[in-house]
Amino acid sequence: NWDFPKTLVNEYLKAVSESGIRNVEIGFRSLKENKLNGPNFFSTENYINILKIPKKLNIGVMLNVSDLTNYRSDYKKILNKVFNKSTKSKVKFIRLATHFSEIDEVVKICKFLKTKNYKIIVNLMQITEQKEKDISIAAKKISLSNPNVLYFADSLGAMDTPDVSKYVRILRKHWKGELGIHTHNNLGKALSNSLAAIKNGVTWIDSTVTGMGRGPGNSETEYLIIEMAKFSKNKFNLLPISNLIKKYFEPLKIRYKWGPNPFYYLAGKYGIHPTYIQEMLTIKMDNIEILEAIKQLKNGDGKKYDVNLVKSEFQKPIKLSVGKWSPKNKIYNKEVILVSSGPKFDEYKKGIEK
């Protein structure tokens with residue numbers, strides 16, 4: 001749930017910088033204030049300001065364009081609220097994660113955020129599910145908003161390695177700037193797809209330590225660093241990442257069990273959103289039930305994740321009720337004492353007070 005201890009994050013930033021990597025996406029800049037997630041789900045300015053960021057490291061955040069769909073008439077007000085001008089922020093780049101149905105929105109958002117002088121990355125999700133014509137139209141529209149980088153993402157983990165050159169070719173019809181790729185490891189091809197992208201002129205390559213990510217995960221930073229010796233004059237150092245893995249990421253992987261398995265492989269082959277598999281594994285469905293559910297999702301609308309579908313099909317229905325009571329007026333302009341019984345309070349004391 002994006003809830004990483006500050007000590008882990010600071011050691012991670014130091015290790016990544018010492019390894020030779022220059023850009024780190026610290027987390028989401030989510031607008032969903034009612035979500036009880038850790039600080040890297042929101043990546044606020046206050047949170048980023050308390051981190052020890054090495055001088056050579058550029059920090060970025062991801063914004064889901066879908067978060068702004070409820071604010072279409074007033075999205076500039078919302079963006080002004082969550083993003084300062086770049087001169088007043090340690091954030092150097094913003095990644096706009098967009099579905100193809102949101103292209104017109106992302107163009108407007110990109111143009112507006114460019115006025116704040118951030119480096120802007122547009123991230124096209126689920127590219128394997130799109131027709132060539134639609135990809136070409138999207139690239140043409142996005143080029144008019146002039147982002148710094150255009151990414152294509154294998155969100156469903158369905159991309160085969162020969163497909164990489166095809167997507168680069170289609171995007172290059174209308175996009176002449178820098179390209180980036182974000183791979184998922186459903187089919188065990190995240191690394192090979194990343195390397196194929198480099199060979200095709202893609203200059204921004206995503207990876208995570210031990211491939212940590214939703215479900216099957218992503219391209220592994222430690223393997224990519226080894227492979228980069230073939231492609232880059234820059235020197236990369238594996239040792240800081242190796243030490244980080246041993247101290248933090250090996251225990252995390254044992255606990256949370258990310259990485260490829262046969263169910264994620266099937267999801268990649270059938271274009272099923274991997275969060276369905278993750279949910280089924282989390283609630284410990286039997287293997288036969290998971291396979292049956294995969295059949296249903298294959299023949300249904302499994303490309304887009306719908307939490308209600310999971311709850312209705314795979315769990316007992318959950319009914320939530322929302323009350324009207326709010327403490328806001330009760331505590332306004334009064335002294336308030338906050339009582340906490342857990343060690344997490346020390347971690348977030350400043351944020352809670354603010």
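Here are some questions and answers on a predicted model.

The model is predicted, so local features need pLDDT of at least 70, side-chain atom pairs count only at pLDDT 80 or more, and totals for chains, interfaces and linings use all residues. Residues are numbered from 1 along each chain as its sequence is written, and side-chain values use heavy atoms, with hydrogens and water left out.

User: Is Gly 157 buried or exposed?
Analyst: Gly 157 sits in the loop between strand 5 (149-153) and helix 6 (163-172). Helices (H or I, at least four residues) and strands (E, at least two) are DSSP runs, numbered from the N terminus. Buried means under 20% relative accessible area, exposed over 50%, partly exposed in between (1.4 Å probe, protein chains only). Gly 157 has 1% relative accessibility, so it counts as buried.

User: Which residues does Gly 157 touch, not counting residues up to four places away in sequence?
Analyst: Contact means heavy atoms within 4.5 Å. By that rule, Gly 157 touches His 184, Asn 186, Leu 187 and Gly 268.

User: How are helix 11 and helix 12 oriented to each other, roughly parallel or roughly antiparallel?
Analyst: Helix 11 (residues 274-282) and helix 12 (residues 287-299) pack at about 155°, with axes 11 Å apart. Axes are lines fitted to C-alpha atoms, for helices over the stretch in contact, and angles run from 0 to 180 degrees between N-to-C directions. Angles under 35 degrees count as roughly parallel, over 145 as roughly antiparallel, 65 to 115 as roughly perpendicular and the rest as oblique. Helix 11 and helix 12 are therefore roughly antiparallel.

User: How many nonpolar residues are in the contact of helix 11 with helix 12?
Analyst: Tyr 276, Ile 277, Met 280 and Leu 281 in helix 11 meet Ile 290, Ala 293, Ile 294 and Leu 297 in helix 12. Ala, Val, Leu, Ile, Met, Phe, Trp, Tyr, Cys and Pro count as nonpolar, Asp, Glu, Lys and Arg as charged, and the others, Gly among them, as polar. The contact has no polar and no charged residues, and its nonpolar residues number 8.

User: What kind of ring pair do Trp 2 and Phe 41 form?
Analyst: Rings of Phe, Tyr and Trp (its six-membered ring) pair if their centres lie within 6.5 Å; planes under 30 degrees apart count as stacked, over 60 as edge-to-face and the rest as tilted. A search of the whole structure finds 8 aromatic pairs. For Trp 2 and Phe 41, the centres are 4.6 Å apart and the planes are at 50°, so the pair is tilted.
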